[in-house]
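This report turns to the charged side-chain contacts and the pockets of one protein model. Please keep the sequence and the coordinates at hand while reading.

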Amino acid sequence: MGKWFPSIYDMAMSPLEKGTFKTIRKELIGKAAGRVLEIGAGTGINFPFYQNVERVDAIEPNPLMIEKAKKRLHLADVPVQYHTQSAENLSFPNMTFDSVVATLVLCSIPDPVSALKEIKRVAKPNASILFFEHVKMEQPFLAQLQETLTPAWKKVCDGCHLNRNTLALIREAGFEIQKVESYYKGLFLVIECR
Ligand SMILES: C[S@@+](CC[C@H](N)C(=O)[O-])C[C@H]1O[C@@H](n2cnc3c(N)ncnc32)[C@H](O)[C@@H]1O
C-alpha cells in the first residue's frame, strides 16, 4: 500500500476536481439515498456531496488515506463513519445498504470480481449502485496505449489499472445497468445500476 500516493493524491487530482469531476460527483452522489456504503473513499472527496442520506459507511484500506479523509469529515452534512477494510471482504451483514457508491476505485482494487460480489451481498435488493470509474477505452490505439502504460502506472499510482474493463465486470457480476454516461472519449464512465 503506497505511502506517498495519499500525500499527493488531492493535489494531483485538483485540476480535474475543480471542473468536470466536481459536476459529475455532485450529480452522482446526489442520487444516493438511505444508508450508504462508499467503497474506497480515499481522502473523502465525496463527503460534501451527500445530501438527504441517513448515514454513510465509508470503507478504505489505506490508513494514510483515512487520516486525510478525517480532515474532510466536517464538510459532510450527514453522519459518516470510516472503516479500515477492503472491498473484497466487507464486515457488513447481507442486505444492509440502500445505496453503494464507488468512485475511481474499481481500477485499484486487487480483486474487483470479489469486491463486486461483496457489494451485491451487502446491498439491499433494488439498491442504487453508483459508479464513476476510468476504464479501458474502446478506441483501439488508445486501448493499446493503456495496456502498454499499465505496468508502470500501477507502480506509480498505487495499484491502479488503466486497462480494466470495469463496465464488463459490473455486467458479469449480475448488476442491472440502468444508465451509462461517457466522458473524455470513454476514458471515464458514470454507471448507474441496481
Ligand atoms: C484512486 S483512489 C480514489 C479515491 C476516491 N474514491 C476518489 O474518488 O477520489 C483509489 C482508492 O481505492 C482504495 N483501494 C485500494 N484497494 C482497495 C480495496 N481492496 N478495497 C477498497 N478500496 C481500495 C485506495 O486505497 C484508494 O483510496
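This is a predicted model: local features need pLDDT of at least 70, side-chain atom pairs count only at pLDDT 80 or more; totals for chains, interfaces and linings use all residues.

## Salt bridges

The model holds nine salt bridges. One of them joins the side chains of Glu17 and Arg25, with 2.6 Å from N to O, and both Glu17 and Arg25 are buried.

Lys31 and Glu192 also meet through their side chains in a salt bridge, at an N to O distance of 2.7 Å. Because Lys31 sits in the loop between α2 (20–29) and β1 (34–39), while Glu192 belongs to strand β7 (residues 188–193), this pair ties together parts that are 161 residues apart in sequence. Lys31 has a relative accessible area of 32% and is partly exposed, whereas Glu192, with a relative accessible area of 13%, is buried.

## A pair within a helix, and a network

Arg121 and Glu118 form a salt bridge between their side chains, again described by its N to O distance, which is 2.7 Å. Both residues belong to helix α4 (residues 112–122), where they are three residues apart and therefore separated by about one helical turn. Arg121 counts as partly exposed at 26% relative accessibility, while Glu118, at 12%, counts as buried because the cut-off for that class is under 20%.

Salt bridges also link Arg35, Arg55 and Asp57 in a network.

## The largest pocket

Sorted by class, the lining of the largest pocket has 33 nonpolar residues, ten polar residues and four charged residues.

## The second largest pocket

For the second largest pocket the volume is about 190 Å³. Residues that line this pocket include Val135, Lys136, Met137 and Glu138, together with Asn165, Leu167, Ala168 and Arg171, and also Lys185, Gly186 and Leu189.

Helix α6 (residues 166–172) provides the largest share of the lining of the second largest pocket, namely three residues. By class, this lining divides into five nonpolar, two polar and four charged residues.

Notes
Residues are numbered from 1 along each chain as its sequence is written. Side-chain values use heavy atoms; hydrogens and water are left out. A salt bridge is a side-chain nitrogen of Lys or Arg within 4 Å of a carboxyl oxygen of Asp or Glu. Buried means under 20% relative accessible area, exposed over 50%, partly exposed in between (1.4 Å probe, protein chains only). Helices (H or I, at least four residues) and strands (E, at least two) are DSSP runs, numbered from the N terminus. Ala, Val, Leu, Ile, Met, Phe, Trp, Tyr, Cys and Pro count as nonpolar, Asp, Glu, Lys and Arg as charged, and the others, Gly among them, as polar. On a 1 Å grid over the protein atoms alone, a cavity is a set of points where a 1.4 Å probe fits but cannot get out, and a pocket is an open set with protein on both sides within 12 Å along at least five of seven lines; lining residues have an atom within 4 Å of a point. Grid points are joined across faces, edges and corners, and a volume is the space filled by probe spheres set on the points.
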